[in-house]
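Subject: Structure handover

Hello,

I am passing this structure on to you. Please look through the sequence and the coordinates before reading the notes below them.

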Amino acid sequence: MGAINEFAAVMENEFRIISREPGGLALLVILPYFVAGGTAVIASFLASVNRYRFAEQFIGFEVVMLSIIMMQTGARFLREERNGGRLEYLLASPTNMFIVLFGTSLVMASSIVAAFTVSLMPIAYGVYGVQGMMRALASIVLLMIGLMPLYGLGLALSGLVLRFRDSDSLMGLITSAASLLSGATYPMQALPRWLGFLVKVLPMHVLDDALYYELIGYLNAAHVVYLALASAAYLSLGAYLYGRLQRSLLRKGIV
Amino acid sequence: MAGYRDRFSGRALYDVFNEVERGLRSLLSRPASLVMGMISAPLWLAFFVLSLEGYGLSLGGLTIQLLIWISYSFSLYSTWLWEFGQGMLDEHQDGVLEYVMGSGSSLFKHVMGSGLALLIYTALDLAVILASFATVFRVEPTIMDPAVFLVSLVMASLSLLSLASIYAIIVAGLRSSWVVTDVLQFILPAVGGLLPSEFSPAIRLINEYSPLAYPFVLMRESATGVNELGIPIQLQLAYSFIFTAVMIGVAWLILGKADERLRRTGSLGLR
């Protein structure tokens with residue numbers, strides 16, 4: 001019961017922090033319209049863009065945005081705690097750091113999933129009617145599962161981010177590479193074979209496919225199985241590498 | 001009196017050059033960060049062009065040339081709003097502005113100096129974008145009129161420098177100014193010459209009547225050799241110059257007011 005109480009306390013605290021910046025959540029709802037809408041406007045001058053293609057690209061850009069946020073969550077949290085001088089206290093406290101990390105990640109995932117759903121509703125209704133809206137609601141569970149591998153990946157990279165003095169630039173580089181390797185907004189045939197392989201190893205393109213097929217009513221069980229396995233694999237990798245980072249911090253101190 | 005004016009303007013120039021040097025030192029003090037920023041640019045570019053292919057486009061020839069300038073224009077807006085505008089707000093939070101002003105400089109000189117240093121970074125950005133397009137898409141970027149191109153690039157950067165500093169002062173008191181910056185980085189380019197006039201009559205109308213658009217349209221025209229607006233280049237240069245001068249003037253006024261308030265109350269902004 002102790003661990004559950006700690007988990008609930010971490011989540012409650014994180015909800016309070018996130019609710020202090022309602023502008024950020026509002027931005028998550030409207031930003032996809034700017035990004036997807038902007039590229040659609042540019043594309044429409046050069047070719048015909050129909051609403052089905054727009055809906056598909058909209059989901060793709062959403063997946064890219066949410067993937068970037070989830071990948072940055074763990075590293076950003078650790079970096080802010082370190083810069084605020086709170087990381088030592090967290091590591092020294094009896095609360096297991098994994099409870100803190102997963103508690104904060106679940107809150108972040110819930111918030112961005114909610115923003116995604118609100119953002120997608122008008123598109124789902126406009127293109128696929130009421131059934132589309134229902135399926136968009138159902139994709140919440142799919143998205144929660146699909147974001148977990150990205151959190152694990154971010155946790156795996158957190159050691160690298162903490163070691164860099166100018167971690168903002170490193171996060172910027174990781175973000176740009178992740179966007180390019182997402183495979184969510186373009187046909188994978190456009191990439192060279194070796195890059196295509198990298199895209200297949202990362203979970204973003206399967207998450208994008210799963211959400212799109214769910215919206216049009218053709219979700220394949222293989223997508224769900226892949227996402228569940230990817231969650232297990234990437235979360236395990238993230239937990240293992242974070243464990244090594246924590247042991248290193250405890251042994252050598254926080255610099 | 002003439003001697004006093006000479007000494008005053010000489011001192012002002014000296015202060016601005018000091019700020020340029022300080023800005024360059026700051027930029028070059030993090031070479032890893034600079035390199036990572038340079039590498040990110042072509043990755044974003046590739047993502048943008050591939051995403052357009054996601055709409056079923058097949059790109060080539062003049063379209064790619066136009067995309068180069070759309071990408072660079074967006075990069076300019078983004079860099080000046082975030083690195084410069086938000087950077088100013090971060091400097092205030094970190095207490096850097098107070099030290100700068102305590103050293104005898106002013107907000108306007110500091111902004112101009114840092115801005116000129118960032119202009120060098122945006123020129124490097126251009127080189128990276130051109131090299132990326134050449135490598136990834138096997139397209140040779142063209143600049144038909146280098147002299148007009150250079151002048152338009154400087155004017156575009158100076159107008160964005162002024163705009164970003166005015167913007168930073170206006171949003172200084174806001175809790176989530178980054179949200180506003182995130183939205184503006186899409187709206188401003190749309191009315192600021194991002195899109196070629198050939199795309200549609202509506203875009204041409206915006207480019208013709210939006211003063212912010214002129215330097216960017218000139219930049220594209222001097223690169224591609226195509227006069228989008230059908231207005232003589234000399235006239236477009238004159239409009240751009242007048243707009244840039246007005247923006248610098250407004251920035252000088254607003255930064256002057258903000259400077260007074262910062263010295264008096266310690267808060268950045270006008271309220």
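The notes below go through the contact between the chains, then some helices, helix pairs and single residues.

Please keep in mind that this is a predicted model.

**Where the chains meet**

The contact takes 31 residues from chain A and 27 residues from chain B. On the side of chain A that touches chain B, α2, α3 (51-83) and α6 (167-180) each supply at least two residues. The largest share of that side comes from α2(A), with 10 residues.

**Helix α2 of chain A**

α2(A) has 23 residues, and from its first C-alpha to its last it reaches 33 Å, close to the 33 Å expected at 1.5 Å a residue. There is a bend of about 35 degrees at A:Val29, and a proline, A:Pro32, follows within four residues. The buried residues in α2(A) are A:Leu28, A:Pro32, A:Ala36, A:Thr39, A:Ala40, A:Ile42 and A:Ala43. They pack against α3 and α5 of chain A, together with α2 (31-53) of chain B.

A:Leu28 is worth a separate look. This residue is found in helix α2 of chain A. A:Leu28 counts as buried because it has 21 C-beta neighbours inside 10 Å, where 20 or more are needed. Not counting residues up to four places away in sequence, A:Leu28 touches A:Ile112 and A:Ala115. A:Leu28 and A:Phe116 are 88 residues apart along the chain, and their C-alpha atoms are separated by 7.4 Å.

**Helix α6 of chain A**

α6(A) has 14 residues and reaches 20 Å from first C-alpha to last, close to the 20 Å expected at 1.5 Å a residue. A:Ser167, A:Met171, A:Ile174, A:Ser176, A:Ala178, A:Ser179 and A:Leu180 are its buried residues. These pack against α3 and α5 of chain A together with α2 of chain B.

**Helices α5 and α8 of chain A**

The axes of α5 (residues 97-163) and α8 (residues 204-216) of chain A come within 7 Å and cross at roughly 140 degrees. That angle makes α5(A) oblique to α8(A). α5(A) passes α8(A) in a right-handed crossing. On the α5(A) side the contact is made by residues including A:Ala124, A:Tyr128, A:Gly132 and A:Gly146, and on the α8(A) side by residues including A:Leu207, A:Ala210 and A:Ile216.

**Helix pairs in chain B**

α3 (62-93) of chain B and helix α5 (residues 107-137) of chain B pack at an angle of about 150 degrees, with their axes 10 Å apart. α3(B) and α5(B) are therefore roughly antiparallel to each other, since the angle is over 145 degrees. The crossing of α3(B) past α5(B) is right-handed. Among the residues that make the contact are B:Ile68, B:Ser71, B:Tyr72 and B:Ser75 of α3(B), and B:Leu126, B:Ile129 and B:Phe133 of α5(B).

A second pair is formed by helix α6 (residues 146-171) and helix α10 (residues 233-265) of chain B, whose axes come within 9 Å and cross at roughly 25 degrees. α6(B) and α10(B) are therefore roughly parallel to each other, as the angle is under 35 degrees. α6(B) passes α10(B) in a left-handed crossing.

**B:Ile129**

B:Ile129 is found in helix α5 of chain B. This residue is buried, because 21 other C-beta atoms lie within 10 Å. Leaving aside neighbours within four places in sequence, B:Ile129 is in contact with B:Ala41, B:Leu45, B:Ile68, B:Ser71, B:Tyr72 and B:Ser75. From B:Gly225, B:Ile129 is 96 residues away in sequence and 19 Å away in space, C-alpha to C-alpha.

**Helix α7 of chain B**

α7 (residues 177-191) of chain B has 15 residues and reaches 21 Å from its first C-alpha to its last, close to the 21 Å expected at 1.5 Å a residue. α7(B) bends by about 35 degrees at B:Leu184. Its buried residues are B:Val179, B:Thr181, B:Leu188 and B:Pro189. They pack against α2 (22-44) of chain A together with α3(B). After α7(B) comes B:Gly193, whose phi is positive, near 85 degrees.

Regards

Technical notes: Residues are numbered from 1 along each chain as its sequence is written. Chains are lettered from A and ligands numbered from 1 in the order in which they are written. This is a predicted model: local features need pLDDT of at least 70, side-chain atom pairs count only at pLDDT 80 or more; totals for chains, interfaces and linings use all residues. The expected span of a helix is 1.5 Å times one less than its number of residues. The bend at a residue is the angle between axes fitted to the seven residues ending there and the seven starting there. A residue is buried if 20 or more other C-beta atoms lie within 10 Å of its own, exposed if 12 or fewer, and partly exposed in between; C-beta atoms are placed from the backbone. Two residues are in contact if their C-beta atoms, placed from the backbone, lie within 7 Å. Axes are lines fitted to C-alpha atoms, for helices over the stretch in contact, and angles run from 0 to 180 degrees between N-to-C directions. Angles under 35 degrees count as roughly parallel, over 145 as roughly antiparallel, 65 to 115 as roughly perpendicular and the rest as oblique. A crossing is left-handed if the near helix is turned anticlockwise from the far one by less than a right angle, and right-handed if clockwise.
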